Amino acid sequence: VKIIAVTKTHPFSIINTCYNNGIRAIGENKVQEAIKKFQILSGGPILIIRFIGHLQTNKVNRCLDYFDNVESVDSLRLAKKISSRAKHLNSTIQILLEVNTTNEEKK
């Protein structure tokens, strides 16, 4: 079991509190908000930073510059964009792929 502390809308000090209490994975759902927080981390605690929620394709490049994992990949277009950027960065990005197993159009 891995605990992921979701720190969206909370200040950077909460990340330090989480780290000091043994949490090593942080989840954020807004690229711009996360970038502001994680620029402070340079030389700071080593964390796994996960993007949670819907990722827009136009934010993939910035997202992969800061996040270790992307959850909620919900389209082939988004997966291809992530793959392309990961190749450019010469890295591997772990994702969680959403699969519609019920054929519901809204999912």
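Isoleucine 95 belongs to strand E5, which covers residues 94-97; helices (H or I, at least four residues) and strands (E, at least two) are DSSP runs numbered from the N terminus. Because its relative accessibility is 35%, isoleucine 95 counts as partly exposed; buried means under 20% relative accessible area, exposed over 50%, and partly exposed in between (1.4 Å probe, protein chains only). Together with Leu97 and Val99, Ile95 makes a nonpolar surface patch of about 280 Å². Patches consist of residues with over 30% relative accessible area and no salt bridge, where like charges are joined within 9 Å and nonpolar side chains (Val, Leu, Ile, Met, Phe, Trp, Tyr) within 5 Å. A salt bridge is a side-chain nitrogen of Lys or Arg within 4 Å of a carboxyl oxygen of Asp or Glu.

The model is predicted: local features need pLDDT of at least 70 and side-chain atom pairs count only at pLDDT 80 or more, while totals for chains, interfaces and linings use all residues. Residues are numbered from 1 along each chain as its sequence is written, and side-chain values use heavy atoms, with hydrogens and water left out.

The protein contains four helices and five strands, in the order β-α-β-α-β-α-β-α-β from the N terminus. Its C-alpha atoms fill a box of roughly 45 × 30 × 25 Å along the principal axes. The protein exposes about 7200 Å², of which carbon and sulfur atoms supply 50%; accessible areas come from the Shrake-Rupley method with a 1.4 Å probe, and for residues only the protein chains shown count as cover. Of the 107 residues, 35% count as buried.

The largest nonpolar core has 24 residues, and Ile26, Phe51, Leu55, Cys63, Val70 and Ile82 touch the most other members. Such a core is a set of buried Ala, Val, Leu, Ile, Met, Phe, Trp, Tyr and Cys residues joined through side-chain atoms within 4.5 Å.

Leaving aside residues up to four places away in sequence, cysteine 63 touches Val31, Phe51, Leu55 and Val70; contact means heavy atoms within 4.5 Å.

Serine 72, in strand E4, has a positive phi of about 65° although it is not a glycine. Asparagine 103, in the segment after E5, has a positive phi of about 60° and is likewise not a glycine. Asparagine 103 counts as exposed because its relative accessibility is 67%.
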